[in-house]
Amino acid sequence: MIRWSAALTQAGIDAPSLRRDYDAQRRLVRKFKPDQFLAVRLLLPARLQPGIVAAVAFMHETDNRIDAGELSTRREALRIWDQQVREAVEHGTSDQALLRALADTAQRHPQLRTYIEAFLDGAPVEADWTGFEAESDFQTYVDAYSLPALMLTASLLAPPPPAHEDEAFLRGCRTLIEAMQRTDFLADLSEDAKQGRIGIPRVELARFGLEVDEVLRRAPSCVPALERLVAAQAGTASAGLRACRGLPDLVAAEAGPFLRAFVRVAELELEDVQRKGGELLHQEAGASKTAALAVLFQQWRAVGKQRRAHS
């Protein structure tokens with residue numbers, strides 16, 4: 001693994017103050033997303049690592065600010081944050097290290113600005129989220145918030161013009177994030193229920209004979225129906241993940257291993273969701289650390305083969 005200081009140098013980040021700003025984001029992401037941080041450090045070219053880390057830190061900070069508290073509190077937090085972010089990206093300055101690193105990344109990768117703006121434009125959907133009435137509401141959420149969130153990092157991996165103008169990459173990312181978001185709402189069902197909201201559309205709950213209130217109460221009587229509901233939702237997510245297995249082939253070869261690991265870990269999370277089924281009412285799901293590390297090791301070996309082939 002290349003030293004972080006060397007990655008900053010390869011990315012052209014030379015100013016000591018700016019290097020400190022990026023280093024702060026490195027520490028942040030390593031703390032709250034250790035598996036994702038390791039994947040970035042092991043599998044991506046050094047010159048891309050600082051920008052990816054800055055984008056992940058920005059997503060995390062945004063979620064933290066708008067995902068807790070009363071609705072009015074979340075809306076006000078978003079209003080303030082939206083203004084701070086846009087001013088930082090527009091002028092390249094901020095009193096916050098995170099936003100200075102983000103603004104610098106957007107300057108080095110101009111395509112990122114589009115997705116920062118789209119992400120902020122869609123953030124009210126997340127701040128106001130209390131659940132979905134129908135599948136169409138879930139799809140709106142994915143388009144408005146989940147996809148721009150993914151594209152904050154994915155846009156930095158997309159092939160350069162004119163190849164990136166082909167919408168195949170964006171369509172693949174849309175398919176991927178829909179499947180991942182559906183999986184996440186299943187995996188987080190227990191935790192979300194504690195907060196009085198569920199990421200499964202009410203129409204879908206009703207189709208399996210479930211009422212929102214009994215799921216929120218985590219009533220034992222709803223477990224059999226929930227088993228069937230989870231199987232159906234997980235089946236839809238599984239089809240989506242299968243459909244985007246070719247996504248890594250659309251980017252430069254050097255970014256392929258990272259995306260392959262990303263998709264495979266999403267599959268592992270879904271597999272755990274399927275195993276737990278109705279037990280998701282009482283426990284969260286996710287890819288095991290051992291299995292995720294095995295995926296990273298496999299793709300790290302692929303990176304080594306690529307580099308040796310081009311040396």
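Q: Is Pro-220 buried or exposed?
A: In this predicted model, Pro-220 has a relative accessible area of 66% and is therefore exposed, the cut-off being over 50%.

Q: Where does Pro-220 lie?
A: Pro-220 is in the loop between α12 (212-216) and α13. Its C-alpha is 8.8 Å from that of Leu-281, although the two are 61 residues apart in sequence.

Q: What about Arg-218, where is that?
A: Arg-218 also sits in the loop between α12 and α13. Its relative accessibility is 25%, so Arg-218 counts as partly exposed.

Q: What is the phi of Arg-218?
A: The phi of Arg-218 is positive, about 55 degrees, although the residue is not a glycine. Most residues other than glycine have a negative phi.

Q: Which residues does Ala-193 contact, leaving aside its neighbours within four places in sequence?
A: Ala-193 is in contact with Val-215, Leu-216 and Arg-218.

Q: Turning to α13, which of its residues are buried?
A: The buried residues of α13 are Val-223, Ala-225, Leu-226, Leu-229, Val-230, Gln-233, Ala-234, Ala-237, Ser-238, Gly-240 and Leu-241. As a general point, an α-helix has 3.6 residues a turn, so residues three or four places apart point the same way.

Q: What covers those buried residues of α13?
A: The cover includes α9 (168-187), α10 (189-194), α11 (202-207) and α14 (256-276).

Q: How far apart are the end C-alpha atoms of α13?
A: They are 30 Å apart. Helix α13 runs over residues 223-243, and its 21 residues should span 30 Å at 1.5 Å a residue, which agrees.

Q: How many residues of α4 are buried?
A: In α4, 13 of the 18 residues are buried, so this helix is largely enclosed by the rest of the structure. Helix α4 covers residues 49-66 and reaches 26 Å from its first C-alpha to its last, close to the 26 Å expected.

Q: Now α3: which residues are buried there?
A: Helix α3 (residues 34-43) has Phe-37, Ala-39, Val-40, Arg-41, Leu-42 and Leu-43 buried.

Q: What do the buried residues of α3 pack against?
A: They pack against α1 (4-10), α2 (16-32), α4, α14 and α15 (289-309).

Q: Where is Arg-264, and what does it touch?
A: Arg-264 lies in helix α14. Not counting residues up to four places away in sequence, Arg-264 touches Glu-271 and Val-295. At 30% relative accessibility, Arg-264 counts as partly exposed.

Q: How far is Arg-264 from Pro-34?
A: Their C-alpha atoms are separated by 17 Å, and the two residues are 230 residues apart along the chain.

Q: A histidine next. Where does His-109 lie?
A: His-109 is in the loop between α6 (97-108) and α7 (111-127).

Q: Why does His-109 count as buried?
A: Its relative accessibility is 19%, and buried means under 20%, so His-109 falls in that class. Not counting residues up to four places away in sequence, His-109 touches Leu-48 and Leu-156.

Q: Let us step back to the whole protein. How many helices and strands does it have?
A: The protein has 15 helices and 0 strands. Its radius of gyration is 20 Å, close to the 19 Å that the globule rule gives for 311 residues, so the protein is as compact as a globular protein of that length. The C-alpha atoms fill a box of roughly 60 × 45 × 35 Å along the principal axes.

Q: What share of the residues is buried?
A: Buried residues make up 50% of the 311 residues. Of the contacts with a separation of 6 or more, 71% join residues 24 or more positions apart.

Q: And what about the exposed surface and the charges?
A: The protein exposes about 14600 Å², of which carbon and sulfur atoms supply 51%. There are 39 positive and 43 negative charges, and their mean positions are 8 Å apart.

Definitions and conventions
Residues numbered from 1 in each chain as written. Predicted model: local features only at pLDDT ≥ 70, side-chain atom pairs only at ≥ 80, totals over all residues. Heavy atoms only, no water. Helix = DSSP H or I, 4+ residues; strand = E, 2+ residues; numbered from the N terminus. Expected span 1.5 Å × (residues − 1). Buried < 20%, exposed > 50% of the residue type's maximum accessible area, 1.4 Å probe, protein only. Contact = heavy atoms within 4.5 Å. Rg over C-alpha atoms; globule rule 2.2 N^0.38 Å. Areas by Shrake-Rupley, 256 points an atom, 1.4 Å probe, with all protein chains shown as cover. Lys, Arg positive; Asp, Glu negative; His and termini not counted. Charge placed at Lys NZ, Arg CZ, Asp CG, Glu CD.
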